[in-house]
Amino acid sequence: MGPGGVADTLLSGACVLFTLGMFSTGLSDLRHMQMTRSVDSVQFLPFLTTDINNLSWLSYGVLKGDGTLIVVNAVGAVLQTLYILVYLHYSPQKAKVIHTKSTQCLSFSLTIATLLTSSSWSLYGFRLKDPYIMVPNLPGILTSFIRLWLFWKYPQKQDRNYRLLQT
């Protein structure tokens with residue numbers, strides 16, 4: 001890494017930890033799909049966009065020779081592909097777009113994880129003076145704050161179909 005040494009190593013570790021935490025938020029959706037044998041209240045788009053994002057960052061990590069980018073995005077691509085396959089397995093052919101003033105279909109844990117992950121990667125890119133790492137993560141910070149505002153404006157009802165971390 002650069003002249004930061006220990007600080008850069010700690011920041012790299014935080015990036016990996018937060019990112020893997022964000023990827024693991026899909027495990028509760030995976031468990032819900034398996035238990036209910038349906039995709040009700042589970043969104044497909046985050047799995048797809050995150051998988052494409054992982055594959056893109058994995059390619060960049062290989063080109064740059066950055067082990068942090070390679071490891072975290074390889075794990076992410078595998079997990080997101082698994083989530084997609086399970087979703088497709090349980091998904092009937094239907095379009096479900098319901099315009100409500102409800103955050104029931106939004107994942108609070110994913111929002112927090114995305115905020116932490118995007119912030120740590122932006123800081124990592126800033127420390128490395130690498131705009132290709134820093135800039136693409138700024139929208140994740142912005143959209144996380146938008147989603148947090150939505151959670152504040154339209155609080156979730158307490159009777160969720162499944163708990164956040166079922167065991």
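Leu20, Val71 and Val75 make up a nonpolar surface patch, and their accessible area together is about 210 Å². A patch here is built from residues with over 30% relative accessible area and no salt bridge, where nonpolar side chains (Val, Leu, Ile, Met, Phe, Trp, Tyr) are joined within 5 Å and like charges within 9 Å. Areas come from the Shrake-Rupley method with a 1.4 Å probe, and for residues only the protein chains shown count as cover. Valine 75 sits in helix 4 (residues 67-90) and is partly exposed, at a relative accessible area of 35%. For these exposure classes, buried means under 20% relative accessible area, exposed means over 50%, and partly exposed is what lies in between (1.4 Å probe, protein chains only).

A word on the source: this is a predicted model, in which local features need pLDDT of at least 70 and side-chain atom pairs count only at pLDDT 80 or more, while totals for chains, interfaces and linings use all residues. Residues are numbered from 1 along each chain as its sequence is written, and side-chain values use heavy atoms, leaving out hydrogens and water.

**The chain as a whole**

The chain has 7 helices and 0 strands, so its elements read α-α-α-α-α-α-α from the N terminus on. Both kinds of element are DSSP runs numbered from the N terminus: helices are H or I with at least four residues, strands are E with at least two. Of the 167 residues, 35% count as buried. The accessible surface of the chain is about 10,200 Å², and carbon and sulfur atoms hold 68% of that. Among contacts in the chain with a separation of 6 or more, 76% are between residues 24 or more positions apart; a contact means heavy atoms within 4.5 Å.

How does the span of helix 5 compare with what its 21 residues should give at 1.5 Å a residue? The expected span, taken as 1.5 Å times one less than the number of residues, is 30 Å, and the end C-alpha atoms of helix 5 are 30 Å apart, which agrees. Helix 5 is followed by lysine 129, a residue other than glycine with a positive phi near 55 degrees. Lysine 129 belongs to the loop between helix 5 and helix 6 (131-134) and is exposed, with a relative accessible area of 74%. Arginine 37 is not a glycine either, and has a positive phi of about 55 degrees. The place of arginine 37 is the loop between helix 2 (26-36) and helix 3, and at 59% relative accessibility this arginine counts as exposed.

**Salt bridges**

Side chains of opposite charge can pair when their charged atoms come close. The structure holds 2 salt bridges, each a side-chain nitrogen of Lys or Arg within 4 Å of a carboxyl oxygen of Asp or Glu.

| Salt bridge | N to O distance |
|---|---|
| Arginine 127 and aspartate 8 | 3.1 Å |
| Lysine 64 and aspartate 130 | 2.9 Å |

In the pair of arginine 127 and aspartate 8, distant parts of the chain are linked, with arginine 127 in helix 5 and aspartate 8 in helix 1 (residues 6-24), 119 residues apart. Arginine 127 is partly exposed at 38% relative accessible area, whereas aspartate 8 is buried at 4%. The bridge of aspartate 130 with lysine 64 ties together parts 66 residues apart in sequence, because aspartate 130 lies in the loop between helix 5 and helix 6 and lysine 64 in helix 3. Aspartate 130 is buried, with a relative accessible area of 5%, while lysine 64 is partly exposed at 39%.

**Aromatic pairs**

Rings of Phe, Tyr and Trp (its six-membered ring) pair if their centres lie within 6.5 Å; planes under 30 degrees apart are stacked, over 60 edge-to-face, and the rest tilted. By this rule there are 6 aromatic pairs. Why is the pair of tryptophan 57 and tyrosine 60 edge-to-face? Their ring centres are 5.8 Å apart and the planes stand at 80 degrees, so the pair falls in that class. Both residues lie in helix 3 (residues 45-64), 3 residues apart, about one turn of the helix. Tryptophan 57 is buried at 12% relative accessible area, and tyrosine 60 is partly exposed at 22%.

The rings of tryptophan 121 and tyrosine 124 have centres 5.3 Å apart and planes at 90 degrees, so this pair is edge-to-face. Tryptophan 121 and tyrosine 124 are 3 residues apart in helix 5 (residues 108-128), about one helical turn, and both are buried. An α-helix has 3.6 residues a turn, so residues three or four places apart point the same way. Finally, Trp57, Tyr60 and Tyr132 form one aromatic cluster.
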